Amino acid sequence: MPELYPSTTRCRSCSALVRWTVTAAGKKMPVDAEPKANGNIEIVGGIARYVKAESEVARFWSHFATCPNAASHRQ
């Protein structure tokens, strides 16, 4: 079973703290380590999913949206 909130690591291009999560489709996705009130991703049962409505669960931002070097990691 995946961890509820995975441990943090550092982004290899900007050194920000990130958590590696998994989407429902099984793809790895980095999210910023700290929850944000206006985040658009929640981690439930170890699975990351996008949310639009208010939620009682901690919400995060995809690190692809906040990393200044994100374009260098896209395929």
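## Strand pairing

In this predicted model, Thr-23 stands opposite Ala-48 of strand E5, a contact that belongs to the parallel pairing of strand E2 (residues 17–23) with strand E5 (residues 47–50), which extends over two bridges. Strands here are DSSP runs of E with at least two residues, numbered from the N terminus, and two strands count as paired if DSSP finds at least two bridges between them.

Strand E5 also pairs with strand E4 (residues 41–44), in this case antiparallel and through four bridges, with Val-44 opposite Ile-47 of E5. The hairpin of E4 and E5 has two residues between the strands, and in it Gly-45 takes a positive phi near 60 degrees.

## Basis of the values

Residues are numbered from 1 along each chain as its sequence is written, and side-chain values use heavy atoms, with hydrogens and water left out. Because the model is predicted, local features need pLDDT of at least 70 and side-chain atom pairs count only at pLDDT 80 or more, whereas totals for chains, interfaces and linings use all residues.

## Salt bridge

With a salt bridge taken as a side-chain nitrogen of Lys or Arg within 4 Å of a carboxyl oxygen of Asp or Glu, the count comes to one. Glu-42 forms a salt bridge with Arg-49, their closest N and O atoms being 2.6 Å apart.

The accessibility of each partner is given by relative accessible area, where buried means under 20%, exposed means over 50%, and partly exposed lies in between (1.4 Å probe, protein chains only). Glu-42, at 3%, counts as buried, while Arg-49, at 44%, is partly exposed.

## Cysteines

A disulfide is a covalent bond between the sulfur atoms of two cysteines, and the criterion applied is a pair of cysteine sulfur atoms within 2.5 Å. A search of the whole structure finds zero disulfides. Cys-11 is in no disulfide, the nearest cysteine sulfur being that of Cys-14, 3.7 Å away; the sulfur of Cys-14 is likewise 3.7 Å from its closest cysteine sulfur, in Cys-11, and therefore too far for a bond.

Cys-11 is buried, with a relative accessible area of 11%, whereas Cys-14 is partly exposed at 24%.

Most residues other than glycine have a negative phi. Ser-15, a residue other than glycine, has a positive phi near 70 degrees. Ser-15 is found in the loop between strand E1 (8–10) and E2, and with a relative accessible area of 42% Ser-15 is partly exposed.
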